[in-house]
Structure formats: C-alpha cells, structure tokens
Amino acid sequence: MALLGSAVRRLVSAVRPPFSPLCRTSARAYSSEHTKEKSVPYEMTLKQGNEATSGPTKPLPRSADVVVIGGGSLGCQTVYHLAKMGITNVVLLERDRLTAGTTWHTAGLLWQLRPSDVEVELLAHTRNVISKDLEEETGLHTGWIQNGGLFIASNKQRLDEYKRLMSLGKVYGIESHVLSPAETKDLYPLMNVDDLYGTLYVPKDGTMDPAGTCTTLSRAASARGATVIENCPVTGIQVRTDDLGIKKVKAVETAHGTIETPCVVNCAGVWATKLGEMAGVKVPLIAMHHAYVVTERIEGIQNMPNVRDHDASVYLRLQGDALSVGGYEHNPIFWDEVSDKFAFSLFDLDWDVFMQHIEGAINRVPVLEQTGIKSTVCGPESFTADHKPLMGEAPEVRGFFLGCGFNSAGMMLGGGCGRELAHWIIHGRPEKDMYGYDIRRFHNSLTDNKSWIRERSHESYAKNYSVVFPFDEPLASRNMRKDPFHEVLTTQGCVFQERHGWERPGWFNKDGPAPVKDYDYYGAYDIKKNVNYKYNDLLGKEYTFDFPPHHDVIKSECLSCRHGVAVFDMSYFGKFYLTGPDAKKAADWLFTADVNKKPGSTVYTCMLNKRGGTEADLTVSRLESGAANLPLAPESNGDVYYLAIGGGVAEHNWNHIRTSLQDQGFHCQLTDHSEDMGMISIQGPKSREVLQEVLDTDLSNEAFPFSTHKVVNAAGHQVRAMRLSFVGELGWELHIPKDSCLPVYHAVMAAGAKHGIINSGYRAIDSLSIEKGYRHWHADLRPDDTPLEAGLAFTCKLKSSIPFQGRDRLEKQKEEGLRRRIVCFTIDEKVPMFGLEAVFRNGVPVGHLRRSDYGFFIDKTIGYGYIRNPDGGVVSADFIRSGEFTLERMGVTYKAKAHLKSPFDPENKRVKGIYA
C-alpha cells in the first residue's frame with residue numbers, strides 16, 4: 001500500500017524522462033510501492049463474469065421509431081425520457097453491458113450551481129429524476145446520496161465567482177451559503193483552511209451511482225414499453241437519399257440483424273466518432289485518460305460534503321469512509337487508438353501526470369498524507385472543443401442525433417439532457433435553449449479539423465477549473481478564418497475575439513499590435529511556452545469581475561461612435577442568398593416580418609421554431625432579379641433575397657433554414673457567400689459626411705432612406721450599401737467583394753480622417769447595442785423566447801394573413817397575455833454587471849439578467865432580463881411600473897430602475913439622422 005505523502009515526495013525528486021508530445025498512450029510505474037489495484041469504488045458494477053453470453057440479451061425487432069446506441073448515462077436517460085413522452089417503440093442497443101465504456105467508472109458528482117441558467121435547469125432535472133422520480137416509479141433506490149457540496153476559494157476572484165453562482169441560485173430556489181474559513185472548519189474539521197478566502201456550501205448537492213442509476217432507468221423505460229438490448233454491437237448505419245437529395249437514416253445494422261428506423265441517437269461516448277463515420281457524420285470529440293484514486297479508510301470523513309478546490313484543480317468525493325481524489329491536469333494523456341474491446345477496462349495510472357492532484361488534495365485535507373491508496377481508476381472519457389456536450393440532429397444526415405461528448409459530466413447532465421434530446425427527437429427542437437450544446441454551434445469547416453479538435457479540447461480540459469470570466473478568449477487553434485481586413489487591423493492594435501473560427505475585432509489596443517500566436521499547450525508535452533505574449537497578457541488583465549483596465553479604451557470607441565464616426569469590421573457575418581421558384585413562399589414561411597417589399601428594401605426579422613421560439617434574428621434584403629453579379633448578386637429570374645446573419649451563429653442559421661425548406665418541400669437554393677465578401681459598418685453622426693466622399697450616390701434621407709440598400713461604387717469598386725445600424729446611430733454597412741475590401745477601407749479611413757474616424761470593435765458594439773436596446777441572439781434573445789416576450793412584436797406580420805412558422809403559438813400567446821417578458825434595468829452605482837445577476841421585485845426573485853454591459857453615453861450599467869409574475873399571472877406594463885426592483889450582484893443588492901423602453905433615444909431619432 002502506498003501512502004499519498006511518500007508518493008508525492010518520491011515523485012517530486014524524480015527526473016521526468018522525455019516523451020513524444022501529445023501521444024502518450026502507456027503508463028509508467030515509478031515504484032513497486034504504488035498500488036496495482038485498479039477498481040471502481042462502487043458496491044455493484046454491471047461487468048459480466050464468466051457466465052457472459054455471446055449474443056444479444058433479447059431478440060432484435062424488425063423496426064423501431066428510434067434506436068438509441070450506447071447504454072451509458074445519456075443513452076439510458078434518453079430512452080427513459082422518450083418512453084415517458086410516449087415513444088414506446090424505442091430500442092436501446094449496448095455493445096456490452098449497460099454503463100460499459102465510460103459511465104461505469106465515473107465519479108458521479110452532481111453540483112447544482114453552474115455559470116449558466118440553462119445548465120442549472122438541466123442539473124435540477126437530473127437531480128429530480130435520480131433522487132425522486134425513479135424511486136417513485138420503480139420503488140428502487142438509484143444510489144443517490146445527498147451529502148452536499150463545498151466549493152473552495154483561495155482568492156477574492158474565485159469567491160466572487162461563487163457569489164455570482166449563489167445569486168443565480170436564489171432565482172431557482174437553490175440553497176447555498178458563503179462560509180468564512182472558520183465556518184468551513186466547523187463544517188469540515190479535517191480541512192486545512194489556513195489559505196482559504198472563503199467557501200460556498202450547497203447542502204443539497206450529492207453523489208450518484210452509475211450502475212444503480214442506469215439499471216433503474218432501464219427498468220423504468222422497459223416498464224413503459226422500451227426495449228433494452230445488451231451484448232449487441234452496431235456494425236453499420238444505413239443511409240438513404242430521397243428524391244430531393246436529402247440524406248436520411250434508414251436502418252441500424254448489427255451482426256444479429258437489422259432494425260429499420262428513421263432515427264438513430266448516437267450516445268456512444270468515446271466511440272461516438274466511429275459510429276458517426278458509419279453514417280457519414282462528423283463527431284468532433286477526442287478521447288483522453290481521466291483518473292481518480294480511492295483512499296483507504298479515513299477516520300472522521302464520514303458524512304462530509306464533496307469538495308471542489310478549483311484553484312488546486314482537484315476534487316474530493318466522499319466514498320463512504322474514504323475519499324476519491326481526482327482533477328483536471330494541464331497535460332492529459334490522449335487515447336489516440338480507441339479500442340472497440342475496451343468495455344469494463346481501466347488504464348494503468350500515470351503517476352507522473354496524476355501526482356499534481358495529490359499535492360493539492362494533501363494541502364486541503366492534510367490527513368491524506370498518511371492515508372493509503374486503495375485503488376486507482378483511470379478510464380477513457382470523451383472531450384470536446386469547448387467542454388460542452390454534442391447534441392442535436394447532425395447537419396449531414398436527417399434523423400441522426402447526437403448525445404455524446406459530455407466531458408466527464410454525463411451523469412450530472414444526463415437527466416436534463418436526456419429529456420431535451422427526447423423532446424428534440426419528437427418535436428424537432430428542444431424545449432430549452434440548447435444552442436450551447438447543439439452540434440450546429442460549430443462551423444462545418446472545423447468539425448473534421450483534427451488539429452482544431454485536439455488543441456481546443458486540450459485547452460478546454462486544462463482550463464476546466466479556471467474561473468469563468470466574462471471576456472475570456474481561447475488561445476488554441478486561432479486564426480482559422482481571417483477576413484481581408486485582418487492584417488491591417490492587427491497592425492493598428494486590434495485585439496481579436498474568436499467566433500465560429502473567425503477572428504473578429506474585439507477592441508483596439510493603443511500600445512501597438514497584439515497578434516495571436518500558435519498554441520503552446522500551456523507548456524505541456526515539452527512544447528516551448530510562448531514568451532512575451534502580448535495578446536495573452538491583455539487577456540490576463542481582463543481576468544476580473546470589476547471593470548477591466550482598458551474600460552476607458554472601450555468608452556472612447558463607444559463615444560467616438562455616438563459623437564463622431566467609427567468603423568466596425570463585421571466581415572464574419574453569414575451572407576446567404578435564397579433563390580429558386582419557391583423563394584417567395586419560403587421567405588413568407590421562414591421570416592416573421594413581411595420581407596416581400598419592393599426590391600431595394602431591407603427588413604429586420606426573426607425566424608421561429610414550431611413553438612414560436614426565436615431561432616434567429618437577421619436582416620433580409622430583397623434584390624432585383626437578373627444576371628449574376630457575384631458575390632453581390634446571384635443569377636435569378638424570380639425572387640431573390642440576401643440574408644445577413646450574425647457570424648457566430650451562421651451555421652445554426654444555415655441549418656435551420658435548410659431543414660425548414662426540406663420539411664416544407666420548398667424548391668429553393670440556399671447559397672453561402674460568407675467567405676466571398678467583407679463587410680464594414682460606418683456609424684455615427686458624421687457617417688454621412690464621410691461616406692458621401694466615398695460613394696457615388698446621394699446619401700440624403702430622401703434618396704437613401706433607412707432600411708434600404710443599393711449597389712454603388714466606392715472608390716472605383718462595386719459594393720452593396722445598406723442603411724442600417726446595430727448601434728443606434730446614422731450609418732451604413734458596406735458589403736464588399738473580398739478583393740475590393742482593402743481599397744474601400746482605405747478610402748473610407750482617408751475620407752474620415754478630418755472627422756476623427758476611428759476603428760471600433762465588438763466590445764463597443766456590445767455596449768452600444770445594449771444601450772440602444774437591440775437584442776443579441778443567444779443572450780437576451782434565444783430559442784426559448786418568443787418575439788412577443790422579447791419586445792420584438794414589431795417584427796411579426798400578425799396583422800396580415802400570411803402564415804409563418806410559429807405564428808399559431810404567437811397568436812395564442814398574444815390572446816392569453818405574456819407570462820414572462822423582457823425588461824431593461826439601470827442602476828446608479830458604477831459597478832459592472834455581466835449577466836446572471838438575480839432580479840427581485842418587492843424582495844421576491846422574479847428572474848435574472850441575461851445580458852448586461854456599461855452604457856457610456858447614459859453613463860450607467862444596463863441589464864436586460866426576462867421576469868415572471870411569482871403568482872403565475874400576466875406580466876403587464878402595470879406589473880412592471882408598480883414594482884420596486886433590485887439586482888443582486890455577487891450577494892450585494894442594488895436598487896434598479898425598470899424601463900419599458902430603452903433609456904437611450906427612445907424615439908428612435910438618431911438612426912433617422914435626426915440629431916437635434
């Protein structure tokens with residue numbers, strides 16, 4: 001038996017041998033004193049003994065409505081929820097036994113608080129299923145233990161992060177308490193609190209048992225008519241192509257028979273990529289070793305809460321009278337050769353990699369130094385580029401759904417995600433805003449890029465326990481997609497953000513260029529760490545919940561736009577053309593607004609799902625039909641529409657439109673010219689004076705009104721000019737063929753020099769747009785928000801008789817009244833807010849901020865959030881006016897003023913060029 005303390009001392013003095021970067025697949029033993037025992041700390045596993053059967057545990061049906069592949073947490077939860085929602089002709093296929101692969105060895109922790117309202121809701125559902133619902137349905141105990149959770153803060157920033165979680169938890173009724181070091185010692189006597197800043201205690205967190213949970217889920221699903229078949233590996237997925245050229249799932253093949261089905265759900269964990277290949281579907285995940293060790297008995301540890309010490313990158317899970325110790329290291333081991341025969345197996349633990357967690361654990365619970373290690377648990381887990389799961393219908397094949405890549409959180413998120421996935425399959429979309437998990441959040445050019453998957457997955461793994469700051473950016477796999485302005489903006493000090501693979505301007509550093517360098521894996525794997533890395537240094541200065549050091553720089557960019565003129569590079573926008581014989585029908589159906597105005601018009605509109613939720617907001621411009629003038633206009637002898645869409649969600653929009661066209665049987669062509677054009681937006685009171693020198697057209701209100709567009713010449717180059725604004729000022733967008741981008745940009749900057757023109761970035765856009773009250777999709781406008789709730793009723797053609805997707809839901813909601821609606825809040829105190837702050841009306845929690853920023857023109861912090869009536873009634877204007885509102889930020893409350901209209905330019909004069 002090895003003692004943890006002696007192992008640390010021995011390894012600290014060991015000389016680490018060199019190894020090949022990124023491809024370590026074997027472990028190295030340091031001493032015979034290390035335990036050789038490899039076993040999970042659960043009383044029961046589902047591993048087969050010598051009595052193992054060679055064939056399926058049940059006969060295969062000829063057909064099924066849905067076939068779920070993979071009997072781990074997600075597979076079992078999905079089958080259970082499908083059956084509960086009435087889809088009983090569903091089959092689960094597991095190649096070995098339930099939980100095999102990754103679920104069986106998971107630590108099974110459940111923490112209720114996360115920096116995401118959606119994840120808090122998903123976790124709450126999981127907890128309800130395993131602690132209550134399943135036991136009521138089956139009479140069986142899942143193994144749930146409610147021993148509480150304790151988050152450790154060693155510094156102020158970490159405790160601030162926990163206080164943000166605590167405030168959000170109040171909205172959802174989740175009990176949590178910030179404890180002092182002394183109070184923490186009283187709760188957990190074995191803990192060293194000398195270096196603590198404080199802790200967050202969540203009494204109703206707990207621990208799950210994988211075998212008990214999956215077995216109970218299986219029984220509950222089977223009782224409702226589902227069929228669970230073990231020992232049945234899948235050998236192929238049949239895909240057919242219909243008359244319109246659409247690829248669809250046809251059947252699932254096994255060595256024991258074929259099941260005809262229109263729907264397959266890939267819950268195969270580490271093996272999901274191979275399963276995807278069978279159907280021609282890209283599954284961007286990667287396998288890594290993930291480990292914990294189980295200690296011998298520790299006197300006095302019984303009934304203690306689970307512990308997450310993020311700053312030490314370690315967790316301590318209560319295991320009866322012992323602890324399981326694990327964490328996330330900066331140098332994880334990739335499992336490059338994924339074996340199909342790895343079911344209930346474990347790797348040898350690489351102590352050299354793992355020992356950093358032991359050091360942190362001993363510091364936190366000193367008794368561990370004299371405690372033996374009973375066994376090691378090192379198994380495969382799947383990880384993704386942003387440490388979020390992969391869910392939803394695959395873009396490549398209709399009927400092929402993903403439920404994989406859970407980054408060691410498959411047990412914890414399983415119930416909530418299983419329910420959403422079941423709803424997705426049955427109704428076409430989930431109930432909640434699952435965009436953060438949707439496979440369509442990634443651009444199609446990235447999902448089979450092995451370097452991108454590996455680098456980003458590594459960084460996300462290594463930073464999993466880092467503080468989640470509002471303005472952090474990845475360092476891995478940058479510069480994947482660059483627009484024509486990238487180099488010239490870099491020389492002018494542009495600090496770029498990464499969205500959808502694109503480099504887009506964030507803000508402009510006045511101290512010179514700060515280019516993004518190649519990824520250095522944070523110095524792991526003997527890769528030389530980047531030095532003198534200005535971009536990384538600037539990011540580090542933003543690691544705060546206060547105003548960042550360059551707050552005044554962003555202020556300058558904003559006020560230059562408000563008082564003068566600024567140029568925004570928005571080239572990352574998605575730029576699509578919709579043409580074809582059914583283009584008008586499709587436009588009527590897709591878009592909430594009436595976009596069928598005369599050619600030359602541009603309309604701001606939404607796209608909805610069947611439930612009336614907002615899948616996108618965008619501008620749609622109607623073009624003249626005629627010969628091709630690409631990329632400014634496609635060839636068309638009928639209706640043609642130009643769609644400009646936020647670049648960070650372009651893939652999502654593309655697929656929403658494409659699937660809607662398929663579902664309705666419209667004969668249309670959707671073409672993507674995002675890479676063929678750049679786009680700059682010139683905004684501010686002086687924008688007309690600047691552009692009148694560059695463009696060969698009259699820019700007066702009469703000749704070029706708001707929400708119109710035309711092809712014009714700019715410095716000798718053809719561009720499409722649109723009079724639009726996303727910041728609430730007089731301005732125009734120029735959509736420019738890529739080879740003309742730089743000449744046009746230089747002409748604009750030369751003409752604007754005497755007017756004090758400056759470059760501005762998206763940090764300024766974020767501030768300017770919230771000040772004006774414009775929505776950001778996936779922030780204060782999501783698929784679970786209707787346009788009526790979001791204050792966008794003006795985008796909906798409800799006064800016409802034209803049908804559009806989701807219209808029936810909006811009409812019903814309008815008739816019944818809004819049970820939730822968006823509200824603007826301002827506070828007088830000069831404190832930053834970022835979203836997730838709790839909203840109270842008359843002392844009662846009624847919602848939280850979705851989005852917040854500082855408005856420099858009105859000189860106030862602004863936040864937008866959706867509020868509910870605690871009584872379940874209608875949220876009327878009187879309900880808002882009559883309430884006294886406060887916002888809670890990190891445990892501190894601030895008096896807030898509620899606004900029914902934007903406090904900035906509520907009469908909308910500035911976009912019309914009226915600056916009285």
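A salt bridge here is a side-chain nitrogen of Lys or Arg within 4 Å of a carboxyl oxygen of Asp or Glu. Keep in mind that this is a predicted model, where local features need pLDDT of at least 70, side-chain atom pairs count only at pLDDT 80 or more, and totals for chains, interfaces and linings use all residues. Residues are numbered from 1 along each chain as its sequence is written, and side-chain values use heavy atoms, with hydrogens and water left out.

The structure holds 52 salt bridges. Three of them are set out here.

| Pair | Closest N and O atoms |
|---|---|
| Asp117 and Arg782 | 3.1 Å |
| Arg398 and Asp663 | 3.2 Å |
| Asp828 and Lys860 | 2.6 Å |

Take Asp117 and Arg782, whose salt bridge has its closest N and O atoms 3.1 Å apart. Asp117 sits in helix 3 (residues 117–138) and Arg782 in the loop between helix 18 (762–772) and helix 19 (807–816), so the pair ties together parts 665 residues apart in sequence. Helices (H or I, at least four residues) and strands (E, at least two) are DSSP runs, numbered from the N terminus. Both Asp117 and Arg782 are buried; buried means under 20% relative accessible area, exposed over 50%, and partly exposed in between (1.4 Å probe, protein chains only). Salt bridges with shared partners also join Asp117, Asp433, Arg782 and Asp784 into one network.

Now for the cavities: on a 1 Å grid over the protein atoms alone, a cavity is a set of points where a 1.4 Å probe fits but cannot get out, and lining residues have an atom within 4 Å of a point. Grid points are joined across faces, edges and corners, and a volume is the space filled by probe spheres set on the points. A search of the whole structure finds five cavities of 30 Å³ or more.

The largest cavity has a volume of about 150 Å³. Its lining has 15 residues, with Phe471, Phe547, His551, Asp853 and Tyr854 nearest the centre. Strand 35 gives the largest share of that lining, three residues. The second largest cavity has a volume of about 100 Å³, and among the residues closest to its centre are His289 and Glu329.

Conventions
1 Å grid on protein atoms, 1.4 Å probe; cavity = no way out; pocket = protein on both sides within 12 Å on 5 of 7 lines; lining within 4 Å.
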